[in-house]
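Please look through the sequence and the structure below before reading on. The report then goes through them part by part.

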Amino acid sequence: MRYISTRSANTAGEGRRFCEILLEGLAPDGGLYLPEKYPRLDPQAIDRLQGVFQQKGYADLAYEILSLFIDDIPPEDLRSLCLKTYTAKTFGDDLIAPVRLLEPNLYIQALSNGPTLAFKDMAMQLLGNLFEYQLARSGQKLNILGATSGDTGSAAEYAMRGKRGVRVFMTSPKDRMSVFQQAQMFSLQDENIFNIAVEGVFDDCQDIVKSVSADLAFKSKFSIGTVNSINWARLLAQVVYYFAGYFQVISKSHSDLRVGSLVSFTVPSGNFGNVCAGHVAKMMGLPIDRLVVATNENDVLDEFFKTGIYKVRNAQNTHETSSPSMDISKASNFERFVFDLLDRDSVLTNQLFAQDVVAKGYFDLSKNKQFGDLRKRFGFVSGRSTHSDRLKTIQSVYKDYQQMIDPHTADGVKVAREYQTAPQNTSQTPSPMIVLETALPIKFASTIVEALGVEPVRPSQFNGIEALPRRVLNMPADVQRIKDYIEQQCAD
Ligand SMILES: *Cc1c(COP(=O)(O)O)cnc(C)c1O
């Protein structure tokens with residue numbers, strides 16, 4: 001399997017292999033990597049994967065799916081990396097990503113039982129093991145530099161802690177993360193994890209990462225890398241739980257569903273990484289009906305799926321909301337989907353993202369014929385949720401089912417319900433819907449208290465983490481100071 005960039009001519013045979021792009025973010029031309037074509041599974045192959053999942057479990061399912069995309073890691077090594085990653089101990093459940101019925105025809109799939117209680121663990125835990133394996137094989141070292149407002153940073157640190165060959169330097173805006181998120185990150189005592197609390201806001205942290213990465217001499221001397229959501233390996237790892245969710249609903253349902261029946265997913269979305277993995281699963285042949293993109297007040301994506309206009313927001317128009325992990329001004333993975341939508345026309349993709357978005361701040365596909373069959377060909381639809389929708393949804397789920405859901409998952413349930421109850425064009429009932437649960441309520445306690453007047457349930461392993469000793473360095477928002485600090489740690 002070879003990988004190509006969304007912005008270069010699609011010449012078969014010229015692409016790069018999985019391990020060559022594993023440690024990279026953007027392709028050199030500024031595009032995103034995608035496989036030169038998606039492996040296509042026929043119904044028998046999907047049937048067989050269901051058997052693998054039911055008899056051997058999630059880790060073996062992950063191995064089967066990953067091996068379709070990775071041909072430069074020996075199969076037995078790839079399988080042990082999967083078995084080491086997806087354990088009940090790490091993910092709190094034998095099924096790893098268990099599905100439960102919430103109400104008739106609407107299921108919730110928990111992606112939020114990993115070490116940091118957010119869905120990013122699903123991919124990041126695998127990435128940690130893949131990085132350690134590849135760095136050892138090639139004798140390289142890697143210094144990951146990141147900026148976080150909460151979820152990404154903690155998922156990266158919990159995935160990389162104690163890994164040989166890797167150091168993590170994670171900047172975060174001082175005193176701006178939730179108390180729980182700070183405690184999660186700063187209580188890590190591992191020698192390869194460096195927390196840096198920057199005096200400033202999240203954008204200051206991001207600017208530091210950008211200017212350090214722009215210093216190519218520094219970047220290469222200290223092997224600076226990132227783990228942001230455009231990394232292809234992260235996206236690939238996420239494809240697996242769409243299969244696992246599908247198989248669980250098929251076997252749970254009391255109606256006459258069987259492999260081949262259609263199932264839909266609703267995905268609380270920000271950078272479009274999670275739902276893009278659903279798109280890949282559908283392209284591989286998993287019988288997905290709709291992919292419902294749920295946004296919060298930052299509705300760049302909802303606007304595109306409704307109008308064909310993709311318009312990035314400036315800082316003033318990017319809102320701070322109560323589902324903060326979806327607060328985005330542009331969706332960094334979206335280019336991957338647009339490339340597929342445009343029948344993989346890299347010239348046009350380049351025009352839209354490298355020119356129109358940069359020069360005009362938007363592009364418009366409303367008159368484009370491919371946009372016309374978007375729903376039919378790709379299943380994509382969308383919806384939007386606000387602070388008051390979020391509170392109401394958290395309240396109704398608690399009242400009716402005695403379950404607490406987090407604000408991001410609530411955005412998903414709100415939008416999913418609109419699609420499940422809207423009048424259909426046909427007389428058929430809508431396909432079963434799976435809402436992806438992307439975090440646990442404890443991470444966003446203040447919104448839960450606002451909605452329900454009670455504190456969220458805290459998983460027992462997190463009792464008392466706020467009182468643990470902290471390992472964090474305070475620093476002004478000064479690029480040179482951060483560079484000096486990295487240099488000093490690498491010398492020790
Ligand atoms: C990151 C995140 C999202 C958004 O996922 P994308 O892949 O960026 O679309 C949603 N919910 C939670 C809790 C997250 O951490």
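Predicted model: local features only at pLDDT ≥ 70, side-chain atom pairs only at ≥ 80, totals over all residues.

E15 is joined to strand E7 (residues 193-199) by four bridges in the parallel sense. Ile196 stands opposite Leu473 in E15.

## The six-strand sheet

A second open sheet is built from six strands in the order E3-E4-E14-E9-E10-E13, with mixed pairing. Its edges are strand E3 (99-103) and E13, each with a single partner strand, so one side of each is left without a neighbour in the sheet. Neighbouring strands of this sheet are turned by 30° against each other on average, direction ignored.

Strand E10 (residues 288-295) has eight of its eight residues buried, so E10 is largely enclosed by the rest of the structure. With strand E9 (residues 263-268), E10 pairs in the parallel sense over five bridges; here Pro268 has Ala294 in E10 as its bridge partner. E10 also pairs with strand E13 (residues 380-384), in the parallel sense and over five bridges. Val292 stands opposite Val381 in E13, and Thr295 has Arg384 in E13 as its bridge partner.

E9, helix H12 (residues 273-283) and E10 form a right-handed β-α-β unit. H12 lies across E9, E10, E13 and strand E14 (433-437), and its direction is at about 170° to E10. Helix H19 lies across E3, strand E4 (106-110), E9, E10, E13 and E14, running at about 170° to E14.

The side chain of Gln420 reaches the backbone oxygen of Ser431 at 3.1 Å. Not counting residues up to four places away in sequence, Gln420 touches Asn105, Leu106, Pro430, Ser431, Pro432 and Met433.

## A covered helix

Helix H3 (residues 58-66) is mostly covered, with nine of its nine residues buried. Among them are Tyr58, Asp60, Tyr63 and Glu64. Which helices do the buried residues of H3 pack against? They pack against helix H2 (43-56), helix H4 (75-85), helix H6 (120-138) and helix H11 (232-252).

## Around the ligand

There are 15 residues around the ligand, and those that come nearest are Lys120, Asp151, Gly270, Asn271 and Asn274. A backbone N or O atom of Asn271 lies 2.7 Å from an oxygen atom of the ligand. For Phe272, a backbone N or O atom is 3.0 Å from an oxygen atom of the ligand. Thr438 takes part through its side chain: an N or O atom there is 2.9 Å from a nitrogen atom of the ligand.

Definitions and conventions. Residues numbered from 1 in each chain as written. Heavy atoms only, no water. Pairing = 2+ DSSP bridges. Helix = DSSP H or I, 4+ residues; strand = E, 2+ residues; numbered from the N terminus. Buried < 20%, exposed > 50% of the residue type's maximum accessible area, 1.4 Å probe, protein only. Right-handed = clockwise from strand over helix to strand, strands pointing away. Near = heavy atom within 4 Å. Polar contact = N/O pair within 3.5 Å; in protein donor to acceptor, adjacent residues only side chain to side chain. Contact = heavy atoms within 4.5 Å. Axes fitted to C-alpha atoms, helices over the stretch in contact; angles between N-to-C directions.
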